Amino acid sequence: MGKFVLGEKRPLIIAGPCAAETYEQTVNTALELAKSGKVDVIRAGVWKPRTNPGTFEGIGEPALGWLEEIKEKTGLPLAVEVANRSHVQLALKHNIDILWIGARTTVSPFAIQEIAEALRDNKDVTVLVKNPMTPDIGLWAGAVNRLINEGIPRENIGLIHRGFSYFGHTKYRNPPMWHMIFEMRARFPEMMMICDPSHICGCRPLLQGIAQQAADLCFDGMMIESHNSPDKAWSDSAQQVVPQDCITMIDNIMWRTKSADDPEFNDELNLCRQQIDQIDAELFELLSQRMKTADKIGHIKKASNVAILQTNRWGEVCRRMLNMTRSMGLSEEFVNSVLEAIHVESINHQNEVMNK
Ligand code: PEP
Ligand code: MN
């Protein structure tokens with residue numbers, strides 16, 4: 001089997017258990033995934049960064065032997081998570097093709113620097129960098145730059161989006177915060193961006209929807225956790241799927257092309273884009289008129305020495321607009337954030353007028 005080359009296969013499908021637990025579980029899961037012909041890379045965690053000590057923290061080196069056997073049997077490249085120098089050395093000793101850096105490691109510049117330095121003599125290995133736990137693009141980009149600075153070629157580095165931890169209630173284990181991904185893509189446009197729906201969702205029913213959203217946003221692949229007996233898994237039990245369900249999920253993803261050559265498609269798209277440009281221009285023309293009216297209100301309030309913020313009036317404006325927009329196909333969250341932005345700008349305008 002030749003060297004794994006990142007970018008040769010798009011979309012790239014990586015699947016396998018959260019962790020290698022036993023020989024049977026790891027090999028059986030991998031063989032079933034490989035048999036489908038739908039999986040390009042087998043993943044398995046060998047060292048598991050767990051929140052609490054005393055829980056299962058991975059099998060360690062013996063599991064790397066199982067993975068070598070899987071590689072021999074399936075001909076597929078293997079991926080494992082590394083978090084320090086010794087992990088890198090052991091993984092390379094056992095011919096692992098792809099090393100990924102987990103979200104808990106990307107947050108630590110010391111750990112990343114150690115990994116980057118451990119790779120100095122093995123620059124042709126592929127490294128996938130997961131986003132840090134916290135929604136901090138600088139930290140994610142910093143990790144990538146540390147690898148580049150140690151001489152890892154950019155084409156051997158890929159990115160994995162696994163969602164961001166969030167203090168508050170959401171239906172996702174780690175909400176996707178897609179806008180963060182646009183920012184990262186803008187910084188490293190040439191790098192593969194792979195979605196990990198398993199860690200975003202944290203549960204099975206949401207997986208397909210997130211995978212499809214990622215495909216719609218032109219992601220370059222998926223990393224999906226699959227286990228031959230997910231309910232009995234020693235880590236991330238709720239989000240793992242049996243190999244058959246993993247394959248069905250992969251089959252159901254509709255991948256989009258980045259652009260199309262069809263002239264009819266382009267004509268239709270251009271027409272819509274012209275409409276959007278026109279609507280945007282009108283929207284901002286109206287917003288500017290609205291702010292000019294706010295300026296007038298500022299003058300009137302100043303003349304009578306009345307405060308800018310009139311909470312009751314603002315409550316009325318919001319209620320009226322929420323009622324009105326309910327049937328317009330706009331979400332309440334969107335309407336609220338637009339109203340808030342308008343309100344802030346309007347108050348700034350009035351402040352300017354009153355304090356001039
Ligand atoms: C994993 O892939 O099993 C893992 C630990 O993921 P993350 O670093 O995204 O939490
Ligand atoms: Mn996991």
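Colleague: Which residues coordinate the manganese ion (ligand 2)?
Modeller: This is a predicted model, in which local features need pLDDT of at least 70 and side-chain atom pairs count only at pLDDT 80 or more, while totals for chains, interfaces and linings use all residues. Residues are numbered from 1 along each chain as its sequence is written, chains are lettered from A and ligands numbered from 1 in the order in which they are written, and side-chain values use heavy atoms, without hydrogens and water. Taking as donors N, O and S atoms within 2.8 Å of the metal (3.2 Å for Na, K and Ca), with water not among the atoms, so that sites may look incomplete, the ion is coordinated at 2.0 to 2.4 Å by C18 (SG), H199 (NE2), E225 (OE) and D236 (OD).

Colleague: How many residues apart are C18 and D236?
Modeller: Along the chain, the donors follow the spacing C-x180-H-x25-E-x10-D. C18 sits in the loop between β1 (12-16) and α1 (23-35), and D236 in the loop between β8 (221-225) and α10 (243-252), with helices (H or I, at least four residues) and strands (E, at least two) being DSSP runs numbered from the N terminus. The pair thus links distant parts of the chain, at a separation in residues of 218.

Colleague: Is C18 buried or exposed?
Modeller: Buried means under 20% relative accessible area and exposed over 50%, with partly exposed in between (1.4 Å probe, protein chains only). Because the relative accessible area of C18 is 1%, this residue counts as buried.

Colleague: What percentage of the 356 residues count as buried?
Modeller: The protein comes to 13 helices and eight strands, and its C-alpha trace spans about 80 × 50 × 40 Å along the principal axes. Of its 356 residues, the buried share is 45%.
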